[in-house]
Amino acid sequence: MSDSRATLRRELRTRRRAIPPAERIAAAEALAGRLLGLPFAPQAGHVGGYWAMDGEIALHAWQLRLPAQFTYCLPVLGPDERLRFAPWRPGEALVANRFGIPEPDVAPTELLEPSAMALVVVPLVGFDPRGHRLGMGGGWYDRSFAFRRERAAPPWLVGAAFATQRIEALAPQPWDVALDAVCTERDILHPDAHA
């Protein structure tokens, strides 16, 4: 990881952690509306979210507003350094993974492959107008969805962030998987419009 990317991650994480609680709650509500209004939003199926940590924009409002034909899932870290997804509803058992992030406490046989998802909302540290994503640096999403570099959606990959996490430009890495959209509390960014 280059020093400039590490510095940028620190700056953007500090920026998002500084957002006051009332703004966070309002942002989560606005984000839910944007995610539900995506022009390519599937009509049914498994959709993936994440457990918000370290100041990330929360997805609870979206999860609670999903129609009944959707199954909400959370990512689970695999021993092969790839994500799988497990259905989860509030109140169901969770366990902390090696990074301290809650995951559904399910048997490996209940996990879904990334390719089985209809849409996945991806956390990010920063993003640019072309849909390039700066993640935490572990490469989990890029490895898990590498097949999307060769084929079209589904699953649709949508970044979720506060508008303050937008930066002018990110240099993509060869292993990066492009996002189909980025949703913030203010708008929906369609990278194709900026190509």
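This report looks at the overall build of a predicted model and then at its aromatic pairs.

## Ground rules

The model is predicted, so local features need pLDDT of at least 70 and side-chain atom pairs count only at pLDDT 80 or more, while totals for chains, interfaces and linings use all residues. Residues are numbered from 1 along each chain as its sequence is written, and side-chain values use heavy atoms, with hydrogens and water left out.

## Overall build

Let's start with the whole chain. Its secondary structure comes to 4 helices and 11 strands (DSSP runs numbered from the N terminus: H or I of at least four residues for helices, E of at least two for strands). Of the 195 residues, 46% are buried, meaning under 20% relative accessible area with a 1.4 Å probe, protein chains only.

Among contacts (heavy atoms within 4.5 Å) with a separation of 6 or more, 70% join residues 24 or more positions apart.

## Aromatic pairs

There are 6 aromatic pairs in the structure; Phe, Tyr and Trp rings (for Trp, the six-membered one) pair if their centres lie within 6.5 Å, and planes under 30 degrees apart count as stacked, over 60 as edge-to-face and the rest as tilted. The rings of tryptophan 62 and tyrosine 72 have centres 5.8 Å apart and planes at 75°, so this pair is edge-to-face. Tryptophan 62 belongs to helix 3 (residues 60–65) and tyrosine 72 to strand 2 (residues 70–77), so the pair ties together parts 10 residues apart in sequence. Both residues are buried.

Tyrosine 141 and phenylalanine 145, by contrast, are stacked, at 6.4 Å centre to centre and 10° between the planes.

Terms used
Buried means under 20% relative accessible area, exposed over 50%, partly exposed in between (1.4 Å probe, protein chains only).
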